[in-house]
Amino acid sequence: MNDSSKANQPCEAEFPTEGRLLGLDYGTKRIGIAVSTFEQNIASPLENYTRQSEQQDQNFLLKIIKEYQCQGLVVGLPVHMSGDEGQKAKEARQFGDWISQFANIPVRYWDERYSSATAEEFLADLNMSRQKRKAYLDKLAAQVILQSFLDSADRNQIPGSF
């Protein structure tokens, strides 16, 4: 992602209260992707994307955003148990700001503590093999993050603040 100050400025538009939202579980190798209903009440896992290059990642994400007509972006923020943000949270914010800027949609960051554990527990309860669970984990974690955002009474809360 480009480090120039203009390239890292997220879209300043008001965050939408209707229209589909794209949920992302950020990773340096893979991104879990989920999408909400137009009414923003149900999140569904969409797919796992294995990152390739900045340009290919941008093209892929733009295709998904356009195909599903996403009006906003919710990126999981990996905060420490204390609520503090570390290097991974900084990277997730840079990633979300980058997408927001090139796709011209607003972004929100959401505390993703427990999202992978919740997804892993759900998959383990289904008696899936470890390999199959791994194939579903990131997109299910993205769904957990997005659904948590959709269910929240305060969608403007600061991650780690509750």
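Colleague: Leaving aside its neighbours within four places in sequence, which residues is Leu-24 in contact with?

Modeller: Contact means heavy atoms within 4.5 Å of each other. This is a predicted model, in which local features need pLDDT of at least 70 and side-chain atom pairs count only at pLDDT 80 or more, while totals for chains, interfaces and linings use all residues. Residues are numbered from 1 along each chain as its sequence is written, and side-chain values use heavy atoms, with hydrogens and water left out. With those neighbours set aside, the partners of Leu-24 are Ile-31, Gly-32, Ile-33, Leu-61, Leu-73, Val-74, Val-75, Gly-76, Phe-95, Ile-99, Ala-142 and Ile-145.

Colleague: Is Leu-24 buried or exposed?

Modeller: Leu-24 has its place in strand 1; strands (E, at least two residues) and helices (H or I, at least four) are DSSP runs numbered from the N terminus. Buried means under 20% relative accessible area, exposed means over 50%, and partly exposed is in between (1.4 Å probe, protein chains only). At 0% relative accessibility, Leu-24 counts as buried.

Colleague: What distance separates the C-alpha atoms of Leu-24 and Asp-138?

Modeller: Along the chain, Leu-24 and Asp-138 are 114 residues apart. In the model, the separation between their C-alpha atoms is 8.8 Å.

Colleague: In what order do the five strands form the open sheet?

Modeller: Strands of a sheet pair through backbone hydrogen bonds, either parallel or antiparallel. Here two strands pair if DSSP finds at least two bridges between them. The pairing in this open sheet is mixed, and the order of its five strands is 3-2-1-4-5.

Colleague: Which are the edge strands?

Modeller: An edge strand here pairs on one side only. That describes strand 3 (43–50) and strand 5 (107–111).

Colleague: Which strands does helix 1 touch?

Modeller: Helix 1 spans residues 54–67 and packs on the sheet. Its direction makes about 160° with that of strand 3; axes are lines fitted to C-alpha atoms, for helices over the stretch in contact, and angles run from 0 to 180 degrees between N-to-C directions. Helix 1 touches strand 1, strand 2 and strand 3.

Colleague: And which strands does helix 2 touch?

Modeller: Helix 2 (residues 87–103) packs on the sheet as well, with its direction at about 170° to that of strand 4 (72–77). Its list of touched strands is strand 1, strand 2, strand 4 and strand 5.

Colleague: How many bridges join strand 2 to strand 3?

Modeller: The two form a hairpin with six residues between them, and Gln-40 in the turn has a positive phi of about 60°. Strand 2 and strand 3 run antiparallel, and the number of bridges joining them is seven.

Colleague: How many residues of strand 2 are buried?

Modeller: Strand 2 (residues 30–36) also pairs with strand 1 in the antiparallel sense, over four bridges. Across that pairing, Leu-22 stands opposite Val-35 and Asp-25 opposite Gly-32. Strand 2 is mostly covered, with the buried count, out of seven residues, at six.

Colleague: What sort of aromatic pair do Tyr-49 and Phe-60 make?

Modeller: Rings of Phe, Tyr and Trp (its six-membered ring) pair if their centres lie within 6.5 Å; planes under 30 degrees apart count as stacked, over 60 as edge-to-face and the rest as tilted. A search of the whole structure finds six aromatic pairs. Tyr-49 lies in strand 3 and Phe-60 in helix 1, so this pair ties together parts that are 11 residues apart in sequence. With ring centres 4.1 Å apart and planes at 10°, the pair is stacked.

Colleague: How many residues apart in sequence are the parts that Trp-110 and Phe-149 tie together?

Modeller: These two rings form an edge-to-face pair, 5.1 Å centre to centre with 90° between the planes. Trp-110 is buried at 2% relative accessible area, and Phe-149 is buried at 0%. Trp-110 lies in strand 5 and Phe-149 in helix 4 (residues 130–151), so the sequence separation of the linked parts is 39 residues.

Colleague: Over the face of which residue does Arg-93 lie?

Modeller: A charge sits over a ring if NZ of Lys or CZ of Arg is within 6 Å of the ring centre and within 35 degrees of the ring normal. At 4.9 Å from the ring centre, Arg-93 lies over the face of Tyr-109.
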